[in-house]
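Here are my notes on this one, as promised. Have the model open while you read, and follow along point by point.

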Amino acid sequence: MPRTAKQFLLITVDFFGLFFAVWAAYGLRVGELPVLPLWQILLFAAAPAFAIPVFMLNGLYRSVIRYVGEKALWTIVKCMFLATLLWASLVFFLDVQRFEAAPRSVPILYFMLGTLLVAASRFGARWLIWLPVRRVNSSRQVLIFGANETGIQLANSLGQGKEMFPAGFVDDNPSLIHKDVSGFRVYPPERLPFLIDHYEIADVIVCLPDASSARRREVVAMLESHQLKVRILPPLADIASGKNLVNLVREVDVGDLLGRDPVVADPALLGKCIYNKVVLVTGAGGSIGSELCRQIALLGPCKLVLFEQSEPALYQVHRKLLQMGTCEVVPVLGSVVDQYAVSNLFKAHSIQTVYHAAAHKHVPLVESNISEGVKNNVLGTQNLARHAWQACVESFVLISTDKAVRPTNVMGATKRWAELVLQQEYEQSIQQAQLNGSNGTVFCAVRFGNVLGSSGSVIPLFREQILAGGPVTVTHPEVVRYFMSIHEAVELVIQAGSLAKGGEVFLLDMGDSVKIVDLARNMIQLAGFQPLDPVTGQGDIPIQFSGLRPGEKLYEELLIDKENAQPTSHSKIMSAHESLFSQTEFQVLLEELLSCIEQNQIDRAKALLLKVACQ
């Protein structure tokens with residue numbers, strides 16, 4: 001019903017209820033229910049006539065019956081006392097005029113009966129309204145933070161389901177507070193403690209699909225301070241149809257707390273090196289590689305070649321791509337270090353674009369297996385890049401890391417060497433192209449920080465430790481890292497290939513870095529626990545500091561020389577042409593490195609790796 005119709009109905013019920021209260025009070029006083037003359041009927045009708053304006057002035061008709069609370073009872077008592085006082089004054093005046101309107105005890109009885117009837121009408125109606133909801137939903141009521149269009153759609157969807165029922169909206173918009181939106185009351189955030197105590201609210205759904213990450217983080221932190229289970233609605237792009245909104249509500253992900261909005265992709269750059277081309281992805285079964293394959297398959301290549309040395313990983317990614325059915329997919333088992341396999345790969349498939357994601361990237365493992373790290377990350381890149389320009393590949397994109405900047409560990413050093421290898425191969429491809437009168441292969445590298453949820457990321461490790469009851473291990477209280485989603489990282493890689501002119505290193509403006517210990521605390525709280533305070537002993541899961549691992553830095557950088565960074569046509573992508581060794585110098589260094597590996601001079605190889613990588 002419209003709000004005005006509900007108010008009119010309530011006024012009507014109050015009028016006849018109070019008239020009955022006066023009549024019943026008079027009957028109790030005289031001992032029977034009398035037949036009244038007209039003038040006395042008018043006198044009794046004056047009682048509700050006095051009461052209703054008093055009720056209006058005190059806001060009794062502004063409250064929503066569904067959510068009326070105990071505070072309203074005190075308001076009813078005050079209103080009835082004032083209304084009774086006004087009506088008793090009229091009765092006393094008529095008595096003075098010798099009308100003998102009513103015995104003096106009637107106003108007292110009227111006050112008691114009227115208060116009982118008005119309160120019973122509201123709290124009885126509230127009980128009846130909530131009765132079917134309690135039966136269906138077992139009192140599981142939720143609040144929706146955000147009284148916007150999407151929130152209204154969600155409330156309507158929840159109201160039609162059987163698992164949760166919307167108790168109302170919470171919003172800090174002053175123009176909406178204390179109003180009804182689609183039949184639900186909008187409360188200010190300050191009313192959360194009252195709602196939790198009186199209506200057993202345990203769940204809140206944050207419905208702010210257009211808000212920034214910083215805004216969502218602020219809201220989630222505020223809600224979690226009330227010990228509520230917080231869920232968050234996905235972006236509008238995921239719910240554009242407006243259907244099945246209830247099923248799209250997910251738990252708050254740690255990515256919502258990083259405080260950085262996702263980088264928007266440029267559609268013109270996404271398909272430039274992919275549409276109607278033969279595309280090769282190395283390391284296709286890894287976390288980055290498999291997401292690369294998924295996004296590339298949606299951009300219309302004529303063929304997608306998957307190169308992976310792990311048979312189980314290749315099987316899984318191939319199976320998923322076949323289910324998509326968007327393009328021809330060719331799985332190839334092999335290693336980038338195998339010259340014969342790589343040579344046959346380019347000959348058999350006439351590849352035009354290469355995304356090189358195959359690498360050993362786990363810092364501690366590469367630190368203890370230096371020779372394998374060099375073979376796969378450095379020599380594998382050289383082998384793949386050389387066969388690429390010899391096969392006249394159009395574009396070659398190397399996936400690098402922020403750990404390649406002034407590295408203190410072997411993994412980062414090998415990735416920096418891979419970048420240097422790529423630049424050397426680019427120079428050779430240009431020279432060969434000039435001799436042949438053809439276009440050389442466009443080589444570039446893309447650096448980004450840690451990827452949320454990828455293999456080796458701290459987030460899956462933290463999840464496992466939390467599920468096991470802790471402790472959650474952090475290497476150092478001051479260690480910080482950059483983070484981005486896998487989807488976002490892959491979009492950057494694809495767009496960088498389209499922006500490249502040759503020899504660049506691309507990087508993303510990743511916003512502020514994140515303190516790992518803060519990330520650990522947030523994840524513990526999102527799981528419904530509290531970090532253990534070592535001083536007070538309060539909390540559930542302890543955080544332990546294990547010390548920096550060999551080669552680990554407190555913070556990572558994305559550029560060797562920040563002054564060398566140049567903007568591109570994409571507002572969030574920068575490029576740099578970092579210093580090169582001459583081909584002769586680098587070849588000597590590479591041969592020296594290989595000699596150390598062959599002679600098992602691991603310490604010397606490590607020193608050389610780090611020395612060259614830090615130049």
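1. A word on terms before we start: helices (H or I, at least four residues) and strands (E, at least two) are DSSP runs, numbered from the N terminus. With that in hand, go to Ala51, which sits in helix H2 (residues 38-57). Buried here means under 20% relative accessible area, exposed means over 50%, and partly exposed is in between (1.4 Å probe, protein chains only). Ala51 has 0% relative accessibility, so it counts as buried. Contact means heavy atoms within 4.5 Å; leaving aside neighbours within four places in sequence, Ala51 is in contact with Leu18, Ala83 and Tyr110. Its C-alpha atom is also 9.8 Å from that of Gly114, 63 residues apart along the chain.

2. Some housekeeping. This is a predicted model, where local features need pLDDT of at least 70 and side-chain atom pairs count only at pLDDT 80 or more, while totals for chains, interfaces and linings use all residues. Residues are numbered from 1 along each chain as its sequence is written, and side-chain values use heavy atoms, with hydrogens and water left out.

3. Now the overall picture. The protein has 615 residues, and buried ones make up 49% of them. Its secondary structure comes to 20 helices and 22 strands. Of the contacts with a separation of 6 or more, 75% are between residues 24 or more positions apart.

4. Take a look at strand S5 (residues 203-206). Is it covered on one face or both? Both: Asp203 and Ile205 on one side are buried, and so are Val204 and Val206 on the other. Two strands pair if DSSP finds at least two bridges between them. S5 runs parallel to strand S1 (residues 141-145), joined by 4 bridges, and Val142 stands opposite Asp203. Strand S6 (residues 229-232) is also parallel to S5, again through 4 bridges, with Val230 as the bridge partner of Val204.

5. There is also an open, mixed sheet of 9 strands, in the order S10-S9-S8-S11-S12-S13-S18-S22-S21. Its edge strands are S10 (328-333) and S21 (566-567), each pairing on one side only. Inside that order, strand S8 (residues 278-282) and strand S9 (residues 303-308) run parallel and are joined by 5 bridges. Leu280 stands opposite Val305 in S9.

6. Not counting residues up to four places away in sequence, it touches Ala265, Asp266, Leu269, Leu270, His570 and Ile573. Glu491, also in H17, is buried with a relative accessible area of 12%. The C-alpha atoms of Glu491 and Ala265 are separated by 6.6 Å, despite being 226 residues apart along the chain.

7. On to the nonpolar core, meaning a set of buried Ala, Val, Leu, Ile, Met, Phe, Trp, Tyr and Cys residues joined through side-chain atoms within 4.5 Å. The largest has 40 residues, and those with the most contacts inside it are Leu292, Ile296, Leu304, Leu306, Tyr355 and Phe448. H17 gives this core its largest share, 8 residues. Beyond residues up to four places away in sequence, Ile296 touches Ile274, Val279, Val281, Pro301, Leu304, Tyr355 and Ile494.

8. Last, helix H16 (residues 458-467), where Ile459, Phe462, Gln465 and Ile466 are buried. They cover an arc of only 125° around the axis (taken from the directions from the helix axis to the C-beta atoms), which puts them on the same side of H16. Exposed Glu464 and Leu467 are on the face turned away from that buried side. After H16 comes Gly469, with a positive phi near 90°.
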